[in-house]
Amino acid sequence: MSDRRHFLKTGLGGLAVALAGCQQNPAQPKAAQAARMPMATEKITDRVSVISGAPGNVVLLSSGNGVMVDSGSTALAPAVRKQLAGASVHTLFNTHYHADQTGGNALFAKAGAEIRAHTITKQWLATDYYVPAEDRWVKAPPKEAVPTVTFRGKGEMKADAETIEFGYLLEAHTRGDAYVYFRDSNVLAAGDVVSPLRDPVLDWYAGGWLGGRADAMDDLLEIVNDQTRIVPAYGPVMSRAQLQAERDLIAKLYDVTSTLYHHGNSAKDMIDKGVLNDVGRVFQDPGRFLYDVVKGLQAHYTNFGGNVV
Ligand SMILES: [Zn+2]
């Protein structure tokens, strides 16, 4: 684990090179599915609420200087705004660049929100990009949707009585993932780095891979305690024990699949060998997940020994 992380941190210098238009946008539920998910707001602490069905989760800190994490899809952003019941958003964080987390950026920016994100998320949002799984290009969003305040490592800000920590999660789901931790309320917005219901999504074309995901989940475990409410991009609020269980699954799958890949096995070989059997989780689309696992391993083959058959 530490070797993998060390390699990744030393390899950051060349990241921007890969950003001149590309990427997969895998996580978008079909419109019909989205329509079936009612939007709802749940207050999970005195100050923090989760708006679900946007189509994923939006986290809201209610205060004079309201803070929101992710803005929903473009189609659903007006409904997200209605859920705020007149509360203003002073700061909007994006956990990553996918359109189901950033589609409402322009709407909230025009209403006065300042958008914060990792530098690489800003780069993705500032350009057209390619979606290999669908063989299509996605147009860059309007310029108002592009984050104006960026970070590379960790940071901290105050919003009235709340201290908010935020930071980078290296190559877990995309190449620009970030967490936002509301320290006083003890709520962690983890974005798509955790996935309690949906198959974990590895946007390999944008740098996500299993090794990065396992490391990022270790980073998250260092932040939380047994009382922390952990909000994923999709699905119910999680406990530390649930995060630990998912991290253990991801770390195990990393060990198994990287070894198999190192010996020349394809995604189909891995299915045939039953790598997703008896892992304590039913995968909705094992072929898709393992295809993305292998693509991510291909992209990071130098991290685990190089000489791939
Ligand atoms: Zn995503």
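**Strand β12 and the zinc site**

Along the chain, the donors of the zinc ion follow the spacing H-x1-H-x74-H-x18-D, where donors are N, O and S atoms within 2.8 Å of the metal (3.2 Å for Na, K and Ca), and sites may look incomplete as water is not among the atoms. This is a predicted model, in which local features need pLDDT of at least 70 and side-chain atom pairs count only at pLDDT 80 or more, while totals for chains, interfaces and linings use all residues. Residues are numbered from 1 along each chain as its sequence is written, and side-chain values use heavy atoms, with hydrogens and water left out.

Me: Which residues coordinate the zinc ion, and at what distances?
Reply: The coordinating residues include H96, which lies in the loop between β5 (91-93) and α4 (99-102), and D192, in the loop between β13 and α7 (210-223), so the pair ties together parts 96 residues apart in sequence. Helices (H or I, at least four residues) and strands (E, at least two) are DSSP runs, numbered from the N terminus. The zinc ion is coordinated by H96 (NE2), H98 (ND1), H173 (NE2) and D192 (OD), at 2.1 to 2.6 Å.

Me: How many residues of strand β12 are buried?
Reply: D177, Y179 and Y181 point one way from β12, whereas A178, V180 and F182 point the other way, and all are buried, that is, under 20% relative accessible area, with exposed over 50% and partly exposed in between (1.4 Å probe, protein chains only). Strand β12 (residues 177-182) is therefore largely enclosed by the rest of the structure, the number of its buried residues being six of the six.
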